[in-house]
Amino acid sequence: MTKVKSLADLKKMKDQFQSKIELREKGEDPDSRVQIKVAMATCGIASGAKTVMEFLIEELDKRSIDAVVTQTGCMGYCYAEPTIEVKLPNQEPVVFGYVNNQKADEIIEKYIKNGELVDGIIPMNYNTIDNQ
Amino acid sequence: MKELALHILDIAQNSIVAGATLIRIGIAEDMQRDVLSMTIEDNGKGMPSDMVERVMSPYTTSRTTRKVGMGLPLLHDACLAANGMLTIESVENEGTKVLATIQLSHIDRQPLGDITGVIVLLFSANPNIDFVYSHVRNQNSYIFDTREVKELLEGIPLNTPEVIKSIREMIALNLDEL
């Protein structure tokens, strides 16, 4: 594959991008995507949130999981950074703490693929029976 | 925070929170004058002048989750450690400009780090904000503008994984040649 160096090179790849997007959208509606937010404030960045975010973007694509990875500010769990919030379709978001690449891999394999909960969940948004 | 690129990622978060729609990031390496300068300029909501005066203090923050804000103080420290300085200009409702200058050859200057990764991360995680990144090294320069790319790709989102990959390659190749 030739390397992309100029905007003209990028333009040449437009059709390729388009067909990838169409392939992905076939059969899946956008609401059914996995949504991940990486906390990206000073605390998160200093403890490696950038590496984790790059890992997530790359690995989710490699493993053909339709997901959007975005960033958010400090969620107030500076001691547990890097933290990420994962929202599976039609489910409440779950926040994980102390996420390094290894943990991110576990979250993808267990939680995102199978809905299995893994260690490191921060109880941020839970409802008790009283306020339900 | 061990790389200047990470500081830029961090300071740009302030611009995002300030509601900026356009963020300009500039890096200039001037070997002759022995200066590395970095600017982060946004069109966000800006700050009143008393806030600008207090902003270098770690006990100043606009956030509500806790009482400290370390972003600017850490960058300030990184500048001072390498014979440099940090200045902030801000006009309410117009925007803020952060300018850091550092002695390029100083032994305590932090390495620039993965600036390509930072730029890619910023535009892919913030699809509604435009970024202009310019990098000058001595006489050579490279400019990357998401508005140009968006126009070129006619509606294909920049945060599509394949697009991210290609743009990363494009920026890295151009920086290598500077």
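In which helix of chain A does Glu54(A) lie? Glu54(A) belongs to helix H4, residues 49-62. The legends below start from the whole of chain A and return to this residue.

This is a predicted model, in which local features need pLDDT of at least 70, side-chain atom pairs count only at pLDDT 80 or more, and totals for chains, interfaces and linings use all residues. Residues are numbered from 1 along each chain as its sequence is written, chains are lettered from A and ligands numbered from 1 in the order in which they are written, and side-chain values use heavy atoms, with hydrogens and water left out.

**Figure 1. Chain A in outline.** Chain A has 5 helices and 5 strands. Helices (H or I, at least four residues) and strands (E, at least two) are DSSP runs, numbered from the N terminus. Along the sequence their pattern is α-α-β-α-α-β-β-β-α-β. Chain A has 132 residues, and 42% of them count as buried. Buried means under 20% relative accessible area, exposed over 50%, and partly exposed in between (1.4 Å probe, protein chains only). Contacts are heavy atoms within 4.5 Å. Among contacts in chain A with a separation of 6 or more, 60% join residues 24 or more positions apart. The accessible surface of chain A is about 7500 Å², with 48% of it on carbon and sulfur atoms. Such areas come from the Shrake-Rupley method with a 1.4 Å probe; for residues, only the protein chains shown count as cover.

Figure 2. A salt bridge is a side-chain nitrogen of Lys or Arg within 4 Å of a carboxyl oxygen of Asp or Glu. Over all chains the count is 22. Glu106(A) takes part in a bridge with Lys103(A), with the closest N and O atoms 3.6 Å apart. Both residues lie in helix H5 (residues 101-114), 3 residues apart, about one turn of the helix. Glu106(A) also bridges to Lys110(A), at 3.8 Å between the closest N and O atoms. Lys110(A) and Glu106(A) are 4 residues apart in H5, again about one helical turn. Lys103(A) is buried at 14% relative accessible area. Glu106(A) is partly exposed at 27%, and Lys110(A) is partly exposed at 34%.

**Figure 3. A network of charges in chain A.** Salt bridges link Glu58(A), Glu59(A), Lys62(A), Arg63(A), Asp105(A), Glu109(A) and Lys113(A) in a network. One of the bridges joins Arg63(A) to Glu59(A), at 2.9 Å from N to O. Glu59(A) is buried, at 13%.

**Figure 4. Aromatic pairs in chain A.** Rings of Phe, Tyr and Trp (its six-membered ring) pair if their centres lie within 6.5 Å; planes under 30 degrees apart count as stacked, over 60 as edge-to-face and the rest as tilted. There are 3 aromatic pairs over all chains. Tyr77(A) and Tyr79(A) form an edge-to-face pair, 6.3 Å centre to centre with 80° between the planes. Tyr77(A) is buried at 17% relative accessible area, whereas Tyr79(A) is exposed at 56%. Phe96(A) and Tyr111(A) are also edge-to-face, because their planes meet at 65°, with the ring centres 5.5 Å apart. Phe96(A) is in strand S4 (residues 94-96) and Tyr111(A) in helix H5, so this pair ties together parts 15 residues apart in sequence. Both Phe96(A) and Tyr111(A) are buried.

**Figure 5. Where chain A meets chain B.** The contact takes 34 residues from chain A and 41 residues from chain B. The two chains bury about 3200 Å² between them, 64% of it on carbon and sulfur atoms. Buried area is the accessible area (1.4 Å probe) that two parts lose on being put together, summed over both. Lys5(A), Thr42(A) and Lys50(A) lose the most area in chain A, together 20% of what that side buries. The interface holds 5 salt bridges. Lys5(A) forms a salt bridge with Glu177(B), with the closest N and O atoms 2.7 Å apart. H2(A) gives the most to the side of chain A that touches chain B, with 6 residues.

**Figure 6. Glu54(A) at chain B.** Glu54(A) is buried, with a relative accessible area of 17%. Leaving aside neighbours within four places in sequence, Glu54(A) is in contact with Asp114(B), Gly117(B), Leu121(B) and Arg168(B).
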